[in-house]
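We'll begin with the surface, then turn to a helix and a cavity.

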Amino acid sequence: MALKAVNVSDVPNLDQVPENNASLYSSRFNSEGMELNVEAASFRAPKFLVIGHRGHGMNIMQSSDSRMEAIKENTILSFNSAAKFPIDFIEFDVQVTKDDCPVIFHDDFIFSQENGTVYEKRVTDLRLEEFLCFGPQKEAGKQGKCLLRKSKDGKILNWNVETDDSFCTLAEAFQKVDSSLGFNIELKFDDNVVYHQDHLTHVLQVILQVVSEYAKERPIIFSSFHPDAAQLVRKLQNTYPVFFLTNGGTQVYYDARRNSLEEAIKVCFEGGLQGIVSEIKGVFRNPGAVPKIKEAKLSLLTYGKLNNVPEAVCMQHLMGIDGVIVDFVQEISHAVDDMIIKPLNESLKDGNEEGTEAKSKVQFSQQELSFLLKLIPELIQH
């Protein structure tokens, strides 16, 4: 079913959200902090951002890479594990339960098993108490319900990880995660459901109430694949930047607004959004979109498997991309520090204060350079 467009022109602002740009600053950034120009609807990051995907990294069941099964994604443990490394934000998915509690969970459905029969339940149809009953429990000695997961190819697999943790709410994340770590809050909606304006508004207001109560000085970015939700959350508040998530043309959707970087720019213009988060393949296949995004005074972040390749991340820095969402937090954060941050700092110490010139001092080995030269053409062909 198609996503239904809604009119955001008459949606009221949420008065409880404070209009205080101090909330965009963090001790993890330099003294410039993060700047949000409300009038110009622009957002400027002070450095190349590294963002932990679902915390320490997403889970892929039966992956050939054990790092994909190391720590349960979207949990307090995963978030604080990511915080041990030099990253700026963690990205996670927020949905709202039937009794109006924002919880952190990626998939639209929870799968479990009872008496040998597999069943599924939509997260937004569950009450908070029901949602928290799945998986490991906080209460000592209490056994949670079996937790399964559906893979992209339709297989139902045991959700087994090396280090497990219980589900959590958005409020708990604010209370229990390192306060210096920024939150990239993805507003999660099902691609196959038509959401009407009143429902979207209610869900977003519930989330914003929690943010208003607990955010304090923590840097926050909102993002969503749902064009109307992204524009609505921008309408409902002007404290935090809002980014539109897109596959960048790597997948085709009924809603044309989701099918290219050019359409994403239009969505941002129409809704006064501050930036785009694109699948990195979409950017590599259409590198000409990057200067267009910059000319539009929009920020650009990326996500995808290629962001776990240090050379591909460094290439993005040279292209002018503002940051990356990654699964291999330890490896990529250290690579960015070695390949980008330290060379830039050394250049500045030498008296070169021109950022663009300093950025060009990133060095590659011959093997790495060969990889980079081959990377974009190969992606365009697939």
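Accessible areas here come from the Shrake-Rupley method with a 1.4 Å probe, and for residues only the protein chains shown count as cover. On that basis the protein chain exposes about 17,400 Å², with carbon and sulfur atoms supplying 48% of it. Keep in mind that this is a predicted model, where local features need pLDDT of at least 70, side-chain atom pairs count only at pLDDT 80 or more, and totals for chains, interfaces and linings use all residues. Residues are numbered from 1 along each chain as its sequence is written, and side-chain values use heavy atoms, with hydrogens and water left out.

Of the 382 residues in the protein chain, 55% are buried (under 20% relative accessible area; over 50% is exposed, and in between is partly exposed, with a 1.4 Å probe and protein chains only). The chain has 12 helices and 16 strands, taken as DSSP runs numbered from the N terminus (helices are H or I, at least four residues; strands are E, at least two).

Now look at helix H5, residues 227-236: nine of its 10 residues are buried. Among them are Pro 227, Leu 232 and Leu 236. The cover includes strands E11 (182-187), E12 (220-224) and E13 (242-246), plus helices H4 (197-214) and H6 (261-271), where contact means heavy atoms within 4.5 Å.

Finally, which residues line the largest cavity? They are Glu 73, Asn 74, Ile 104, Phe 105, His 106, Trp 159 and Phe 167, each having an atom within 4 Å of a point on a 1 Å grid over the protein atoms alone where a 1.4 Å probe fits but cannot get out.

Technical notes
On a 1 Å grid over the protein atoms alone, a cavity is a set of points where a 1.4 Å probe fits but cannot get out, and a pocket is an open set with protein on both sides within 12 Å along at least five of seven lines; lining residues have an atom within 4 Å of a point.
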